[in-house]
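Please keep the sequence and the structure in view while reading.

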Amino acid sequence: MDKDPGPAVGEPAAQPPARRPPRHRWLAITLALACMAGLGGLAWYLTHPAKTAAAASGPPGPGGPGGPGGPGGRGGRGAPPTTVGVAAAVKADIPLWLDALGTVTPSATVTVRAQVSGVLKEVLFKEGQMVRQGQLLAVVDPRPFEMALMQANGQRVRDEAQLEAAKVTLQRYQTLLGQDSIARQDVDTQAALVKQLEGTVITDKAAEGTARLNLAYTRITAPVAGRLGLRVVDAGNLVSSSDTGGIAVITTLAPADVEFSVPQDRLPDLQRRAAEGATLPVTALDRTRVTELDKGRFWSLNNQVDTQTGTVRAKARFDNKAGTLFPSQFVNVRVLLDTVQGAIVVPLTALRHGPEGDFVYVLQDDRTVSLRRVTAGPSTAEKVSITKGLQPGERVITEGGDRLKDGARVTLPGDAASAPGGRASGGRGGWERGASGAADGASRPRRHRASEAAGS
């Protein structure tokens, strides 16, 4: 028997063939992976039934089946009761306010000027000082005016002496005329001289009064009471009545006025109340409408409408004893035009608006709601009056009304708290929760079995 001669000298030796795993091992691995994937999918399906059903049914649309307004949605017929807030319609007084933005203006603004020309000798006030009417503020050098007064006084005294002498001479001439010892012409001439001197004396008295007045003007006093502004001129400067800046500016802060604009649509109400002689209260608030600055009264109304804004300028007066109103300050103004007595009032959140008008949801005794068309009247920031469609004592829905329909069943917060086990009143809502609990209980064993299968 021939033997294998083996590889020749210089040739590489032959490699043995590679080992391959048996085919049955690949088949076992594939089947194991498929079983594990199937068990995982089954476990996920059993543990997520609600999400699967929701995905199959699709998202509910508003107003359609399953939506908030649909037959199967919240607040519809056959739906779980919705917890809402209620309030009773009551009779109350509704104030009619006119709100506007105003500007504080002083009741008087006076620029204090020198009425005579001269050197300012003294300044007797401080900037920002409160002054009373007639208080001395500054002094102009009075010496030139004292000299002018003395000169006018001397002129008057001289002319009065000449008048007295002329009168004595006239009496003598009249005596001689009675004795027929003098011509009548001389008597008439002397009488004319007396009248001329009398006129001269009157002129001298006027000149003396003017000099005395100019001397008084050297003492500059406050013409009105108020607050002084910043000082314009210092002592030692030459001042005159032609100075535009003057010496100081006084603004009267008490009382103070507030000017504001009234819409032309509100003019009839304002004029009607003014014609009745009513005193309209006005409240001034700060920019946040929280802090009350002062209370006053409506004062006057302008005589024309601004064509660009469609408003009329009005003015209110405040005592401003506390000094809370400052000139050129912006404030919020509230004018009480009138008060509606005994109106039927509900919270503002109870009134709803629809394509057919305003309506409210009225709570019935069987815990259902009824849609009621109403007519709204004047309102405030929190309440609105109902002029038609509602009676005092009826309860309306104030919270949760956007999820309701006519005839929907509701629950109140007190009902949920008083129900046994925390369940709200209304059998259907409890039945649904019981049914869901039973379903949860039935699903637990399935989930347990699925988890065991996945673990195995």
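## Surroundings of D257

In this predicted model, D257 is in contact with T103, V104, T105, S107, K315, A316 and R317, once its neighbours within four places in sequence are left aside. D257 itself is found in strand β10, and its side chain makes a polar contact of 2.7 Å with the side chain of R317.

Is D257 buried or exposed? Its relative accessibility is 2%, and because buried means under 20% relative accessible area, D257 counts as buried.

In soluble globular proteins, nonpolar side chains tend to be buried together.

## Helix α3 and its partner

Helix α3 covers residues 143-178, which makes 36 residues, and reaches 53 Å from its first C-alpha to its last, close to the 52 Å expected at 1.5 Å a residue. Just after α3, D180 takes a positive phi of about 60°.

Which residues of α3 are buried? They are F145, L149, A152, R156, D159, L163, A166 and L170, and these buried residues pack against α4 (184-217). An α-helix has 3.6 residues a turn, so residues three or four places apart point the same way.

One of the buried residues of α3 is D159, which has a relative accessible area of 3%. Leaving aside its neighbours within four places in sequence, D159 is in contact with T200, V201 and D204.

## The chain as a whole

The secondary structure of the chain comes to 7 helices and 21 strands, and of its 456 residues, 30% count as buried. The chain exposes about 28,500 Å², of which carbon and sulfur atoms supply 54%.

Among the contacts in the chain with a separation of 6 or more, 72% are accounted for by residues 24 or more positions apart.

Note on methods:
Residues numbered from 1 in each chain as written. Predicted model: local features only at pLDDT ≥ 70, side-chain atom pairs only at ≥ 80, totals over all residues. Heavy atoms only, no water. Helix = DSSP H or I, 4+ residues; strand = E, 2+ residues; numbered from the N terminus. Buried < 20%, exposed > 50% of the residue type's maximum accessible area, 1.4 Å probe, protein only. Polar contact = N/O pair within 3.5 Å; in protein donor to acceptor, adjacent residues only side chain to side chain. Contact = heavy atoms within 4.5 Å. Expected span 1.5 Å × (residues − 1). Areas by Shrake-Rupley, 256 points an atom, 1.4 Å probe, with all protein chains shown as cover.
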